[in-house]
Amino acid sequence: MLAAALVGALLVGGGVWLGTSLTDGDGGGESYEDAESSTGVGEEVGEEGVFPPVEPVPKEPGPSSPGTRWTAHKERELSAEVSVPASYTEVVRDPANPIVEYSEPGGRVLLRLTKPARAPAKNALAWADQERREYEDPPYDAVTTSMSPTSFHDQGAALLDATYKEGEGKAGSTVTREMRLMIVTDAGEAYELMVRMPKGVAEHEKRGTALFKAARDRLKVDTGATSSG
């Protein structure tokens, strides 16, 4: 799966939406309130995660701060416009897929936008369920997922939240959280916005969830953009 292949570059179960309340970017009304997983697995997994020493907090304000400066990137190959904090840098660009990924200073929180050549499923919810099942196989371990239908500017969309370990439960394996928005437009175009962050580290998870919400609110797809950067 692409998420496994692009580590430096990448709601159904009892997943955890922590650190933020997400509301549909176009006023759809659904929210994800802070809550513990119904299974408790997500919280247990977070406690087991082992991470290198935490880097100093970036001088740039976090994504939820009113003082954060944002940069809009017009992505020609994706026919989209994605916005990230000005401190983020591009770390991956693959026009052939196409994919673009941006990272915060230190590389702990990543944002990726993908546009498949064609919609992987008939609708966004089916696509999200298809991706959810990918987490059931190696190298993923101790997985929790949560999935929900939503909308994006009146287009069909779905939210997928996954927490997992890699390394088949071996001591020292890290815990990762991925928050993903899948969109399938009326014209049959598919887009995925994904934010990856360490799970169980409050500072990083707070920044990651805030980034996901803010980037989702600013995302424009099917724009016919003619330049990138």
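The charged end of Arg-218 sits over the ring of Trp-70, 4.0 Å from its centre, where sitting over a ring requires CZ of Arg or NZ of Lys within 6 Å of the ring centre and within 35 degrees of the ring normal. This is a predicted model, in which local features need pLDDT of at least 70 and side-chain atom pairs count only at pLDDT 80 or more, whereas totals for chains, interfaces and linings use all residues. Residues are numbered from 1 along each chain as its sequence is written, and side-chain values use heavy atoms, with hydrogens and water left out.

Helix α4 covers residues 202-218, and its 17 residues reach 24 Å from first to last C-alpha, close to the 24 Å expected at 1.5 Å a residue, the expected span being 1.5 Å times one less than the number of residues. Helices (H or I, at least four residues) and strands (E, at least two) are DSSP runs, numbered from the N terminus. Among the buried residues of α4 are Leu-211, Phe-212, Ala-214 and Ala-215; buried means under 20% relative accessible area, exposed over 50% and partly exposed in between, with a 1.4 Å probe and protein chains only.

The largest nonpolar core has 25 residues, and those with the most contacts inside it are Leu-111, Leu-113, Leu-181, Ile-183, Leu-193 and Leu-219. Such a core is a set of buried Ala, Val, Leu, Ile, Met, Phe, Trp, Tyr and Cys residues joined through side-chain atoms within 4.5 Å. Helix α4 and the strands β4, β6, β7, β9, β10 and β11 each supply at least two residues of this core, with β11 giving the most, four residues. Leaving aside neighbours within four places in sequence, Leu-111 is in contact (heavy atoms within 4.5 Å) with residues including Val-82, Val-100, Leu-193, Leu-211 and Ala-215. A second, separate core of 14 residues includes Ala-121, Tyr-164, Met-182 and Val-184.

A search of the whole structure finds three aromatic pairs, counted when ring centres of Phe, Tyr or Trp (its six-membered ring) lie within 6.5 Å, with planes under 30 degrees apart called stacked, over 60 edge-to-face and the rest tilted. Two of the pairs are set out here.

| Pair | Centre to centre | Between planes | Type |
|---|---|---|---|
| Tyr-135 and Tyr-164 | 5.7 Å | 35° | tilted |
| Tyr-140 and Tyr-164 | 4.8 Å | 80° | edge-to-face |

Tyr-140 lies in strand β8 and Tyr-164 in strand β9, so their pair ties together parts that are 24 residues apart in sequence. Ring pairs link Tyr-135, Tyr-140 and Tyr-164 into a cluster.
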